[in-house]
Structures are given as structure tokens and as C-alpha cells.
Amino acid sequence: MRVIRKVALLAVMSVASLAPMVAAAPNSAATVEAARESLSVSITSITPQVTSSPTDEIKFTGTVRNDTGTALGPLRVRLRYTSERFYDRASMAAYQIDQNNATLPANVSRTSAMDIPALAVGGQATWTFTATPIQLGYRAFGVYRIAVDVSQNEVPISAQRTFLTYAPPTTPKLPRNKLAVALPVIDQPHRGYDETLFVDDKLSQSLSGKGRLADLARIAQTAPKEVTWFVEPSLLDDLKAMTKGYHVKTKDGTDGKPANDTAGTWLSTMSTALADSPVIATPYGDPDVAALAHQGLDAQPGRAIELGGQTARALLNRNAQTSINWPPAGVLDADALDLLAVSPGKVTTVLLNSTNLPPQPPVAHTPDAVATLDSVAGPVKALVADAELSRLFEPTAPTTVLLSTQRFIAETAMIAAETGQVEPRSLVVAPSRRWDPNPTLVTSLLKTARKLPWLSMTTLDSIKPSKAATPRAGLTYTEQDRKEELSAKYLAPVKEVATQAQLTASVTASVAGTKAPSAFDAAVLRLTSSAWRNNTRAGRAVTKLVGTAVDERIDKIQITDAPRTLAGSNGVVPISVKNSLDQPVTLHIDVKSNDRGRLQIEEPVSEEPLVIGGNQSGTLQVKMTATTSGDATVTVQLRTIDGLPYGKPERLTIRTTGYTGIALVIVGAALTVMLAAVVTRILRRRSERRLARAGRSRESETV
């Protein structure tokens, strides 16, 4: 440690004066361990990337950098190799992950090495090595381990591993496997219901510089025409809305934004770049199909597919298709598959994750990508993405374009040379659906794929079942997959909003059973987006916004609350409805008495619906009969032409001023009784008077 401190103090001196001092330092374990952490060696180029002749010269270049905070030396950079081929893809993955220097390729080149007397703090040295396949011991087609390490006193301090593919002519020729690449352009919803009101301004940030959408546009401009693009149509809708002035919701209200020219440029760029490429429109809003199937929202996927195709064809590519579906996370179950298969969009193909449709029994080789699934609508083709190839397009660990490209070459070469595989197979690459790509890396991999003699790039829809098909276990949908869906708790209010939103369309229909699109269809579909899986709080906030807008539209058709009077014992009472919409509506009106003993309604009120023009009022004459005078209440419920309740029921007061037939009977009976009493009284008085006269006559006779 005393030597390390002394070296640190002398680090400001020249490398030449420093070299002897570091060279004289003893090789302590602490020095080597400290160097491991920040002394790095990198391979920056390998030319050619694939060799086909034993005498081809392979040129390796790279750098060594010292970021330890301490000057180091002497150091030695060495090329390490082995003449043994990999025999399966699993061992390739294990080699790449392994960071133990003890497991580096055993052979150390005597000619491909360079000594570095000293490397100052922050210093960097460049190295170049050359070798031929015959010098490296390569004898047959295959993938080989290669590495470059930097050592001190023969002890490896740091190393970088990669792969080298040797591809001499083979007999018989290797099968030329088909490779289809699916690239997603999928985002998350950014609007509620109002076309110009955004819940955030993330899209504007993503459109320029190194933003995600800007990177996707760069890839699209250079990608081969065989690449299949999955585009989410609500993203296109959001960008179109941004080309005009718009507002962003804030805590205190809204923030006005000017028209975003970059959004228009992006749409134009993508439209031009993908004009001759296969474009698949995902369902509008990218709904969580499995969750919708499990929570009773069966109508939403079909409408999402229909609206998605219309939007993509209008804003991006007139040939956009909807027959291929890529479900969230690339997984679905039988319920979700059935919903897709019976949709108006006629989904005939699904793109799945390899965990969702594993081989059965397990196989040691790479299975063909095509399988067939059974649905209620018949067979559905399943395309299964290769997990390892897909990860290379979206690496999760630090890497470089060179290393990823070398790995891609090696993986596809290994697949072509797997034991027992003589028929061409189909391979599918599909990075995660909301990826954040590196344009340089993706472009490099696509260009490389077109050049490799054992690959043939093709479109996704051109892949068909072949003789190389691998038996699979059927859809494997785990409990964890179920937990990742949008929950019942989240979807319950969404379902209510969807139901109420459909009512707003039902009242504009003139024929029962007609289901016209709702003005809220797009907004409701955005609420079902799988993007809310990881952000349900934001999804609930948008659901509340849409729900409020739906309620406000329903309230535009209201029963007027003016007092109503029934004059006399029988008659009609007008029930008026005001339509504040700009279009006519068709409604039924139900009226029920809340006290049948006091007020009766003649039913049915009306078998014919009431048609009310835009911004007009309509009146229904309701026949009523009052049994007593005074106030009575009725409940009035508007209903759609299909009989569904529209809005909340209204309680109205009916004021009665006359008597009914029953009341007249009662009054008549009372008058009869009274008349009888009067007649009786008159007769009694007459009788009393006759008796009095008779008495007086007898008295006079006696006298």
C-alpha cells in the first residue's frame, strides 16, 4: 500500500519517468484487485466479422483505459482463443455471462500481444492484433470463443469476451433460415376525452434529439423493407392533435402549447419511410385484451381493432393491416385468443413470447417459430419470437454495437448448424413492445442480417408452417401473467364509463339494435390500454376525466322541471324533454306513479319513440287519472330505443284540481242520502201538522 501511495503522488509526472517506478513495485494482491475495478479493455472492431477461408487475416483493434485513480504498469494486452467450437446456444450464453477470468479461453497468442510500460491515470492505449483461422486452430464451420485481456505479471486484470464465427463452405450446404423482424412503435395514451387536452407533454420530449420516437424514425428510414412494423394508432392520433394548438393538464389548470411542427414532421417521415413496408395496426389504445376478456369487456377488443385499422390507414399507411395481433407482453390465454379470433378485424395470426407457447416435449435445438392454435373461430397461426435474438436488439446489460453484432452472427450461425437440422426454419425477432431502441445498434443488426449467407430476411406475414414445425404445449398462461393484467378494481369504473358512453350513441340511433360508434369510443379504448398496468394511478385519473365528459353529455338531454297540473279528474299531462345536442335523438319515456291510490297512469305511455331535433325540445302527452285532489309524484325515466335507461330517473310533482268518477259516485251517494233525509223530514212535518189539526177538531166537537 506504501508503493500505491507513492505512485499516486508521482502520477502528475510524465509516463516515461513513471514507468521504472511502477515496474519496480511489488505485485501485491491489493494492487491487482484495485485495478480490476477500473482498468478496462475493449474490443472496438473485428474485420471481417465472419471469415470463410483458413488464411483470411482477421484484424482486432481496441483500447485499454486506466480509470483506477492510480498509474499502472507494466501491463500486457493479449489475444486469447480456443480451437474448440460451441456445441449449443446455452453454452454460448453461459460464456458471455461468466465474468471469472479463470474461465477465459485457455490459449494465449504469442504474436497477438502488446506491452504497455505504464498507463497514467485516465490514460488510454490503443492496440491492434491480427490472426488467421488456421493460427487460431479453426478447422470447421462454427462459433468459437475469443477474448482480449490485460494482465500484470501474467495475472489477468480485466478482459472482454466475444464470439468469432468461422464459415467455410460446408457439405451439404447449411439451410438458409427465414428471419422475420417485428419492430414496435407503441407508446402510452396521452389524452383524456377532449381532443386538444393532454394529460402530459411527454410526446413533445420524445420527438427530438435522442428521444424515443425520434430514434424510431431514424431506424425506419434505414430499415430493410422486409421489417414488419407494429404501430399503435392512438399514438398517431395524439401526434396529429399536437400539430395544432393544444393544452396540457397541470395541477392548477391547463398550460397552452403552440402547434408542434415536429409532430407533423415525424408523421410525414414515418409515412414516407414505411410506404413500402408491411405495417400492422395494433388495436386502438393497445388494450389489455386478456384483462378485458376476464372482466366482461368483450366488446372492446373488436372495436379497438376496427378503429385501429381505420386510424392507421388514414394517418400512416393506407395498406395497414389488423390480421396479426401482438398481445401485451406477448402472452395471452384461450379467452383472449377467442376474443381476437371472432373480432371484426379477423385476427388470423398472433405474435407470442416463447414462454407463452413452449415446445412440448422440450427440445435441445432452436424450434421453428410457427405453430397452430385452436380458437372458437377455427385455427389461428402463432408466431413465436426467439428470446435471445430479440434481446440482442434491446440489450439489458452494458454492451457495444460490435459485441451485440458478433453475438447475433454467432447465434444465427449456431442455429443454422444445429445437429439434425436439415430443413430451413423460421425465426422471429421481436423486442419488447415499448422498447427504447439504440438506432445504431438496431441498424447494424438489420444490415448484418441481410448479409449473412445462412439467413433470408422476410416479412412476418410470409412465414408459413413448414416441415420443420416443432410440437408445442399450447398456451401457457401463468398465475404471474394473470397478476400483471389490469385488475378488476381498475376496470370496474372503466366498464361503467364504457356502458354510459355507449348510451350516448344509442340515443342517436333511429332503429332498435343499431350500434352506432360513440364519440367516446377512442377515449374509452385508451382507458383499457395495457400501458396502465404499471401506472394505474394515472389511468384512474384519465378514467375520471372521461367519466366526467360522458356524464356531461348525458346531461345534455334532460326532462324539464316546470310544474305540471292535471285539470279535472281525467286528462293529459305534458312531459317535456330538452335536447341540447347538435343532433337529433330518439327516446322512449317511461312514467310511473309513485302513489297509485292517488294518481294513475294509463299504460303504455307511448309505444312510439319520441324524436327530438338538435337543440330542440319534445313533449309527450301522458294520460293520467286523479282519485283525489292535491299533489302526487311520478317518476320519469328516459330510455334508449333499445329500452336501456338513459340518465338518472326524475321525480316530478303533478298537481290535481278536479274529481274523478269515483269521487262523483261518492258525492252522488252523499247527495242521495241528504235528499232522503230532507224528504223524510218534510213528510214527518206534514204528518205532525195533520195530527195537530185532527186534535183541534176533536176539541171543538167536545165543547
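Helix H16, residues 488-506, packs against helix H18, residues 536-554, at an angle of about 25°, and their axes are 10 Å apart. This is a predicted model, so please take what follows as computed. Angles under 35 degrees count as roughly parallel, and H16 and H18 are therefore roughly parallel to each other. Their crossing is left-handed.

Now the residues at that contact. From H16 come Lys 489, Tyr 490, Pro 493, Val 494, Val 497, Gln 500, Ala 501 and Thr 504. On the H18 side they meet Thr 536, Gly 539, Arg 540, Thr 543, Val 546, Gly 547, Val 550, Arg 553 and Ile 554. By type, the residues of this contact between H16 and H18 are eight nonpolar, six polar and three charged.

Next, strand S8, which covers residues 155-166.

S8 has strand partners to go through. Strand S7, residues 142-152, pairs with S8 in the antiparallel sense, over eleven bridges. One of the pairs there is Gly 142 with Tyr 166 of S8. S7 and S8 form a hairpin with two residues between the strands, and in that hairpin Asn 153 takes a positive phi near 55°.

Strand S2, residues 50-51, is joined to S8 by two bridges, and these two strands run parallel. Here Val 50 has Thr 165 in S8 as its bridge partner.

To recap: S8 pairs antiparallel with S7 and runs parallel to S2, while H16 and H18 cross with left-handed geometry.

Conventions:
Residues are numbered from 1 along each chain as its sequence is written. This is a predicted model: local features need pLDDT of at least 70, side-chain atom pairs count only at pLDDT 80 or more; totals for chains, interfaces and linings use all residues. Side-chain values use heavy atoms; hydrogens and water are left out. Axes are lines fitted to C-alpha atoms, for helices over the stretch in contact, and angles run from 0 to 180 degrees between N-to-C directions. Helices (H or I, at least four residues) and strands (E, at least two) are DSSP runs, numbered from the N terminus. Angles under 35 degrees count as roughly parallel, over 145 as roughly antiparallel, 65 to 115 as roughly perpendicular and the rest as oblique. A crossing is left-handed if the near helix is turned anticlockwise from the far one by less than a right angle, and right-handed if clockwise. Contact means heavy atoms within 4.5 Å. Ala, Val, Leu, Ile, Met, Phe, Trp, Tyr, Cys and Pro count as nonpolar, Asp, Glu, Lys and Arg as charged, and the others, Gly among them, as polar. Buried means under 20% relative accessible area, exposed over 50%, partly exposed in between (1.4 Å probe, protein chains only). Two strands pair if DSSP finds at least two bridges between them.
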